[in-house]
Amino acid sequence: MSNPTALAFGYPASKVAETDHWLVLVRPKQPTFGALVLVCKEAVQAFSDVSPAAFADLQVAVAGIERLLKSQVDYEKINYLMLMMVDKDVHFHVLPRYAGTREHEGASFPDAGWPAAPALGAAVELTPDAVERLAARFSKAWNAA
């Protein structure tokens, strides 16, 4: 399954996990370490058009995301942003929030907006290879939980 939004965020190379109705992808631009995109697999562009089954499955996806990011990032708060201005398919940007920084592969990932709104423009952009490696790491952790 792929829709334009999933493809825009690097699917399938960025895939961390998949539920019946949702894809969990690494966000290539990381405003905070562990930023993900949660993309509905249904062909819908309005949140109100998401099927009841996908709404129920959203709980499964969110529980998995929070378990994953707590273990991998140790976030203090988590933000789910629905910003469907450029990418029209129903999706959320998932941002683990924390004071200070997180380190990964020699790079520093500050939460520039902490403790206020996320600073989406202050992102670390991962290379395609780095996205794949992080997706593989997160996928392994997802499956182990």
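Visitor: What should I know before I start?
Guide: This is a predicted model in which local features need pLDDT of at least 70 and side-chain atom pairs count only at pLDDT 80 or more, while totals for chains, interfaces and linings use all residues. Residues are numbered from 1 along each chain as its sequence is written, and side-chain values use heavy atoms, with hydrogens and water left out.

Visitor: OK, how many residues does helix H3 have?
Guide: Helix H3 covers residues 128-144, which makes 17 residues, and reaches 24 Å from its first C-alpha to its last, close to the 24 Å expected at 1.5 Å a residue. Helices (H or I, at least four residues) and strands (E, at least two) are DSSP runs, numbered from the N terminus.

Visitor: Which residues of H3 are buried?
Guide: Among them are Leu-134, Phe-138 and Trp-142, where buried means under 20% relative accessible area and exposed over 50%, with partly exposed in between (1.4 Å probe, protein chains only). Seen down the axis of H3, the buried residues fall within an arc of 165 degrees, so they line one face of the helix. On the other side, Asp-129, Lys-140, Asn-143 and Ala-144 are exposed.

Visitor: And what do the buried ones pack against?
Guide: The buried residues of H3 pack against several elements, including strand E4 (36-40), helix H2 (52-73) and strand E7 (101-104).

Visitor: New topic: where does Thr-32 lie?
Guide: Thr-32 lies in the loop between E3 and E4, and at 1% relative accessibility this residue counts as buried. The side chain of Thr-32 reaches the backbone oxygen of Pro-96 at 2.7 Å.

Visitor: What about E7 and E8, in which sense do they pair?
Guide: E7 and strand E8 (residues 107-110) pair in the antiparallel sense over 4 bridges, and two strands count as paired if DSSP finds at least two bridges between them. Arg-102 stands opposite Phe-109 in E8.

Visitor: How many aromatic pairs are there?
Guide: The structure holds 5 aromatic pairs; rings of Phe, Tyr and Trp (its six-membered ring) pair if their centres lie within 6.5 Å, and planes under 30 degrees apart count as stacked, over 60 as edge-to-face and the rest as tilted. In one of the pairs, the rings of Phe-33 and Phe-109 have centres 5.1 Å apart and planes at 55 degrees, so the pair is tilted.

Visitor: Why does that pair tie together parts of the chain?
Guide: Phe-33 lies in the loop between E3 and E4 while Phe-109 is in strand E8, so the pair ties together parts that are 76 residues apart in sequence.

Methods
Expected span 1.5 Å × (residues − 1). Arc of directions from axis to C-beta. Contact = heavy atoms within 4.5 Å. Polar contact = N/O pair within 3.5 Å; in protein donor to acceptor, adjacent residues only side chain to side chain.
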